[in-house]
Structures are given as C-alpha cells and as structure tokens.
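Please look over the sequence and the structure shown here.

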Amino acid sequence: MASNYYSAQIKQCLEFGTRNQSRHLKTIHGHIIKTLPCPETILHNKIIHAYAKLRNSTYARRVFDEIPQPNLYSWNSLLMAYSQSGHHLSEMERTFKKLPDRDGVSWNLVISGYSLSGLVGEAVKAYNTMMKDGSGSFLTRVSVMTMLKLCSDNGRVGLGKQVHVQVVKRGFESYLLVGSALMDMYAKVGFISDAKTVFYGLEDRNTVMYNSLMGGLLASGMVEDAKKLFQGMEKDSVSWTAMIKGLAQNGLEKEAIEFFREMKMEGLAMDQFTFGSVLPACGGLGAIEEGKKIHACVIRTNFQDNIYVGSALVDMYCKCKCIDYAKTVFDGMKQKNVVSWTAMVVGYGQSGRAEEAVKMFLEMQRSGIEPDHYTLGQAISACANISSLEEGSQFHGKAVVSGFVHYVIVSNSLVTLYGKCGNIDDSTKLFNEMSFRDEVSWTAMVSAYAQFGRAIEAIDLFDRMVQHGLKPDGVTLTGVISACSRAGLVEKGQRYFELMTNEYGIVPSNGHYSCMIDLFSRSGRLEEAMSFINGMPFPPDAIGWITLLSACRNRGNLEIGKLAAESLIELDPHHPAGYTLLLSIYASKGRWDCVAQLRREMREKKVRKEPGQSWIKWKGKLHSFSADDESSPYLDEIYAKLEELNQKIIEDGYKPDTSFVQHDVEEAVKIKMLNYHSERLAIAFGLLFVPSGLPIRVGKNLRVCVDCHIATKHISRVTGREIIVRDAVRFHRFKDGTCSCGDFW
C-alpha cells in the first residue's frame, strides 16, 4: 500500500508540477527513506526516473546505487538521467557499456544524448552501430523520430533518406507521429516533392503536419502553393503565424501585415512568435504607423516584457528611422539579449549616429553580453564611418581573440575601417589574408584604393573582381570611376561608365553622374564636362555643380565657373559653396568689385560660409582647430612651430599661392592668412605631440586648398614625417614631398 501511495505522489509531482518540483520530489523521497527501510525495485525505479526527468543525475545515481539488483528499467532510467542532462556524456557512455542487457530504449537514450549535445557524428555512429548490432531489431518509432529530427536540424538529407527506408521496412509510415517527423525533415531541408509525397500518402493528417508542409513551401519560395494549402486547412494560431513569417521572408511585407490584420479579426490568440514575425515586415516597409498599432497590441496582450518581442520592436523602430522610439523601448526592456543590443548598434549606425553606435557596443560589453560576429562587424563599420581608428583597432583585437575575424562581415568591416582611416597598407594586408571574399570585400578594397589616390591598384582590382566571376554593383563602379578620375584616365573612366548600363544593367545615379563630371573636370576638360552635363537625363545635383565649380576655380575658368555657380545657387540659394567658390575665382582674377557685390548678396540672403575646421585625435581626445579659434591651450607652441616650419619650407622651395585669398589686402597679410589655415594648425600640433614613428592623421571638413596642399608636401619632406589628411572628398598621403593623389587632386 505504501509503495502505491508514494508512486502516486511521484506521478502527481511530475504530471501536475509545482514551482519547486525538485524540492517536492526530494521531500517525497525523504518520506520513503523514513518509512520504507527496503523499498521495492519498482519504487526505486520510479524515483530514479523522476530525478532523470528533472535532470538531477546526482540523486538519480544515489538511488540507483541503493538497488540490490537493478533491472534493465533501472539502468535505462539512470542512462536517461545522464543523457538528458547534456553535461554528463562520459557518464552516459560508461553506463551504457556496463549495461548487462540492452533494448531499443537504451539505444534511443544514447542517440538522443549525443543529439541534444550537438554531437551529430557520434549520434549517427551510435545509430549505425545499433542497426548493425541488433540487425535493426532495436529500431523503434522513438529512434526513428530522434534520427529524423537530427537530420532535419542538421540538413542531413542523405541520412534522412536511409532512415526513411527503415521506416518503410518496419511499417512505421502509417504512424502519424513518424509520418509527421518524416515530412517535417523533408520540408525543412527543401525536398518539397518528397515532403508532399509523405504528406499525401498519410490517411490521417493533423494541423501540425499542415503547418510543417506550409513552412517548407514558404521557405522554398513556393508562396502560391503555401497559400492554397493554407486556404484548405483547419487553421490555428501557428498556421497564421507561419504564413505571416513566410510572406515577410519572401519580401511580401504588405501581405504579411494584411494576414496579421485578418488573424486579429479572427480573434485568434497571438504570441511572441506572431509579433516577432509581423514587426520585421513593418520594419522592411518602413511602415511606422502600422508598427505603432502593433506595438499598442503588444502592450494590450502583455507581451511588452517578452525579450523576443522587445527585440523585434527595437529593430522595427530602428528600420523605420525612429531611433529615439527604439531607444525608449530598449531602455524599458527588463531583459536584453544580443539581438536587442545588436538592433540598437545597427540602428544608430544606419541613422548616421555612428558615435552612439560605438558607445552602445561598449555599453553592451560592460553589461556582460558578448557580441556575435554580426554585432562586432556592425560596431567596426560604425568606427569606419567616423574614422575612429583607436576604437576600431581595439575591436580588431577582439575579432582576432574571438575568432570572428574569419567571418566575412567582420573582415569586410575591417578592410573598410582601415581604408577610411587612411591605413591602406593594413586594408590590403587584411584583404589578401581573407580566405573567402564576396562582392562587398572587393568593393571595399576598390573604394579604399580610389579614396587614397592609388588608381592603378583600384582599376587592377576591379578587373580581377570581374575575372573572378563577381558582379560589381553601383558602389563598385563609383569607386573605379573615381579612381580613373584621380589618375586622369578619362577614356578608361568613360568605358567603365558605359559598361555600367550595357554590361551590368545598373541605372546610373546622381553619384555616378557626379563622378563623370569630376572625371572630365579634374583633367581640365571643362567644355567636355559641360557637354556631358547637357546630355544628362536630369540636371546635376549640388555635388555635381560643386565638382565642376571647384575645377573652374582651380583652372581659373570664369565663364563656366559663373554658369556652374548660378546653377548651384538656383538649385539651392542658401548653399554657401556656390558663392565661396565663385568668390575665389573672382579673387584670383582681381575682380574685387565682383567679390564685394557677391558678398553683399550673401549678407542679404543670410548665407554664411562654412568655417574651415581641422582636427586630430591624440590619446583619446579630439583636438579641433579653426583659423580664428584661440581656445587651444597649446596655441603659443603651435604658432611657434608654424613659424619654424615656414622658414624651413621656404628654404625647401615653397612659394605661397595667394591667388585664391578672398580679401583685397597686402600680399604679406594674404601669406599670413594662409599660414594659419586650420589644417596647418592641426599638423603643427601633430608635429609637437605625435611621436616620430607614427603618421600624423588630420581630418578636415572642407577640401584642402591649393596652397595648403603644396605647403604640406614641403612639410612632409623637411620634417621626414608621414602626414595623412582626410578632407571632405578624399585622403591625401603626404610623404617625402609627394602626395598620393598626384597631380589630379
């Protein structure tokens, strides 16, 4: 009687459960010890089985050791405890070897133990040994379903077909659960015709099977077939959710949202998977209003604290460019995982707030969440966008230590980072070390070479990319045409522009047309630039006109320069470039009356020239400089250094070019104004504080002027220092009196 009572207690503990099942079971076990000095083996077995169910292998072993003569059920229960724990495979193997006898349950537990631990090879080996040792007599429906799930989860379709043969031999195909597992395996690995054969070969089909086949159809892009199946089946919440998810993943976001509305009207219960499927559809469409409505539904159904739903909401708001809404949701999440943190890092990066993306990544690490390769790649990309070499290099170190450096998204981000930070040699080294390269890898390297003025390398790399069978995109073409522009290879650049539409089917954007204007303008072929503009399908944007106008200033072409300036002012009356560049042309021609008149126009229209600023980062701090800013505590030292430099570069042959100074003042005053341009202040700071073994890296918000470009060449020679200047357009690498951009800067 006592044994029956305790057996019922154990059964109730497992079936109905409590918040503390393990403690409740131990209490029952304690009463058994006190009241039954010698429990029957059958009661011992039930205790072991219960501890195994609760994954308490330690107590299961203690009870097993108390049995005078354990039977096969005792051994299998202990085996189950080790198999399901996921941490005691060696004990599982030792127990299995000690078994005095084995049955199908024993083998199933070993196969399941390996499978649960991700040891696919060991699970397959155990399955093959079982089939060999028992001539298939140990094969059960449980064995079959375990193996089919393993095949499904790991894409082992060949093995799955072998199991299918055994299913047919044993007559298991008529069992609903086996048929469901078999069909699910074929559906998940993309063998839809086989999945259909199994599905329609079964007399009984449940909703789970319909959902499984529908998911396989959607995963294979067979949307219409999935819709037909959906219309003819008995639907549940899982069915609707599967359709919503599948439609969104097939690029049919509008239909996914419509299905969500219909599901809501049907009054079906929604869970985290439903919300997690429809929110990406809103994000993909940028449907912020629909996303907000779903957010309200999330709150009404009390799913706002679900980590899966919270992450989906953050991602949706980020993709809809509502980064502050995303941050509000993120801050309100009680739990955060790598997905939610990554969504914020990506959101900030894609919203042009790269500094905040980097801060978010660092905060994520401090919170104890380890990034995956995708998160790390996005953080490095953010560093690239703000040319933050210091943090980017630290993230590179993390990529090496974690092994993520071998992921293509991380490698691509690093190539881009070093390219944008002026470390072209590091970019090249990383690119050459990549074991796998995709289109993004080649494009990043082509763009890096182009930005750095290494046109021949950029063109050669582009040609190699095409030879490797990879198709360039619009960004790649921008890079290679820019490279031709910087090398003065006009005809070659024209050929690439023609290939863009004729060979690669790319419709040229404003950016491509601006590159072509630059191609002609930089080489001094201003009339051809105008002819190209006249043949464009639409007028140039501001960048196109500024490009032509800059070339007119450098070449002293007042006629075309006036036309370009007037066109730019008409396009954007408050853009300062049209006025300031034309001012430079007038000043170079000595047309001071025109300079005065243009300045009056600027005052009347309240157009302000953007002040030139340069900066240099040293020891984690950004030091900014402008010509009229006296806030730097090192100003006296900087001015003294500039005076010293001016003497040296004059002795080296430097002659100030004051032709573009926009003020009608004495020549000596013009020279003094040039001497204190912001980039020279930053370079002097670098010479004072950056150790001689390191390059001096300067950023500038405007283009480097003609005189500063000449002067920096001389500074690099007389000081023996490498100076890298990143202006508004490109990199300039000054070394030994030369610049990487050559004569076409």
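This is a predicted model: local features need pLDDT of at least 70, side-chain atom pairs count only at pLDDT 80 or more; totals for chains, interfaces and linings use all residues.

The side chain of Lys334 is joined to that of Asp305 by a polar contact of 3.4 Å. Asn306 lies 28 residues from Lys334 along the chain, and 8.6 Å separate the C-alpha atoms of Lys334 and Asn306.

## Nonpolar cores

The largest nonpolar core has 205 residues, and those with the most contacts inside it are Phe275, Val314, Met344 and Leu548. Helix α35 (residues 576–588) supplies the largest share of this core, 8 residues, and at least three residues come from each of domain 1 (352–426) and domain 2 (427–605). Apart from this core lies another, of 27 residues, which includes Leu645, Val690, Val698 and Cys739.

Which residues are in contact with Phe275, leaving aside its neighbours within four places in sequence? They are Phe260, Met270, Pro280, Ile294, Cys297, Val298, Thr301, Phe303 and Val309.

## Domains

The domain assignment of the protein gives domain 1 (352–426), domain 2 (427–605) and domain 3 (613–739). Taken over C-alpha atoms, the centres of domain 2 and domain 3 are separated by 25 Å.

Conventions:
Residues are numbered from 1 along each chain as its sequence is written. Side-chain values use heavy atoms; hydrogens and water are left out. A nonpolar core is a set of buried Ala, Val, Leu, Ile, Met, Phe, Trp, Tyr and Cys residues joined through side-chain atoms within 4.5 Å. Buried means under 20% relative accessible area, exposed over 50%, partly exposed in between (1.4 Å probe, protein chains only). Helices (H or I, at least four residues) and strands (E, at least two) are DSSP runs, numbered from the N terminus. Domain bounds come from an automatic or database domain assignment. Contact means heavy atoms within 4.5 Å. A polar contact is a pair of N or O atoms within 3.5 Å; within protein, one must be able to donate a hydrogen and the other to accept it, and residues adjacent in sequence count only if both atoms are side-chain atoms.
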